[in-house]
Amino acid sequence: MFAPSQLEVRRFFCATYRKWRDSLPLIPMEALAADWIAEHPEYHDELADEAAALEKVYTVEEGRTNPFLHLSMHLTITEQHAIDQPSGIRQAIDLLSAKRNSRHEAHHVAMDALGEMIWASQRSGLPPDGHAYLDKVRQAATR
């Protein structure tokens, strides 16, 4: 399992942004990330300044999203969809994308469910409950 540090994640997104902005070749993971970076122009200024990005602390009190966490969650859901893990997530995301008429909006709904699953796992000390996560995404896709 690949478990990059916070600094490695930030460097990856900043480097990917620079390569994408400058029309340089991207490796496959960078290409996936660049698709989501393109969907989030509100993050471009932060991605352009790697030194500041490495130092920035994002707090709940600020009331704004951590762009690196947000983009990482998009990549996670993209990968889950690609390998259908947990089993059934591909269908649930596809249904939700059709219902919302937007893959991006479907990801944001799945992101909320994913974040809730991670929070519950951290709080309880139990492993993440992939079934509960999948159920939340399915419920959003079918109601």
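This tour moves through the helices of a predicted model, stop by stop. Residues are numbered from 1 along each chain as its sequence is written. Local features need pLDDT of at least 70 and side-chain atom pairs count only at pLDDT 80 or more, while totals for chains, interfaces and linings use all residues; side-chain values use heavy atoms, with hydrogens and water left out.

**Stop 1: α2**

Select residues 28-39, helix α2. Helices here are DSSP runs of H or I, at least four residues, numbered from the N terminus. α2 has 12 residues and reaches 17 Å from its first C-alpha to its last, close to the 16 Å expected at 1.5 Å a residue. The expected span is 1.5 Å times one less than the number of residues.

Now colour E30, A33, A34, W36 and I37, which are buried (under 20% relative accessible area; exposed is over 50%, with a 1.4 Å probe and protein chains only). They cover an arc of only 165° around the axis, so they sit on the same side of α2. The arc is that of the directions from the helix axis to the C-beta atoms. These buried residues pack against α1 (6-21), α3 (44-48), α5 and α7. Contact means heavy atoms within 4.5 Å.

**Stop 2: α5 against α7**

Show α5 (residues 67-83) and α7 (residues 103-124) together. Their axes come within 10 Å and cross at roughly 100°. That makes α5 roughly perpendicular to α7 (65 to 115 degrees). Axes are lines fitted to C-alpha atoms over the stretch in contact, and angles run from 0 to 180 degrees between N-to-C directions.

From α5, pick H70, M73, H74, T76, I77, T78 and Q80; they meet H104, H107, H108, A110, M111, L114 and G115 in α7. By class, this contact has 5 nonpolar, 9 polar and no charged residues. Asp, Glu, Lys and Arg count as charged; Ala, Val, Leu, Ile, Met, Phe, Trp, Tyr, Cys and Pro as nonpolar; the others, Gly among them, as polar.

**Stop 3: H107**

Stay in α7 and centre on H107. H107 is buried, with a relative accessible area of 2%. Leaving aside residues up to four places away in sequence, H107 touches W36, H74, I77 and T78.

**Stop 4: α6**

Select residues 89-100, helix α6. Its end C-alpha atoms are 16 Å apart, which agrees with the 16 Å that 12 residues should span. I89, A92, I93, L96 and S97 are buried. Seen down the axis, they fall within an arc of 135°, so they line one face of α6. That side packs against α5, α7 and α8 (130-142). On the face turned away, find the exposed Q91 and A98. Finish just after α6, where N101 takes a positive phi of about 55°.

Conventions. Helices (H or I, at least four residues) and strands (E, at least two) are DSSP runs, numbered from the N terminus. Angles under 35 degrees count as roughly parallel, over 145 as roughly antiparallel, 65 to 115 as roughly perpendicular and the rest as oblique.
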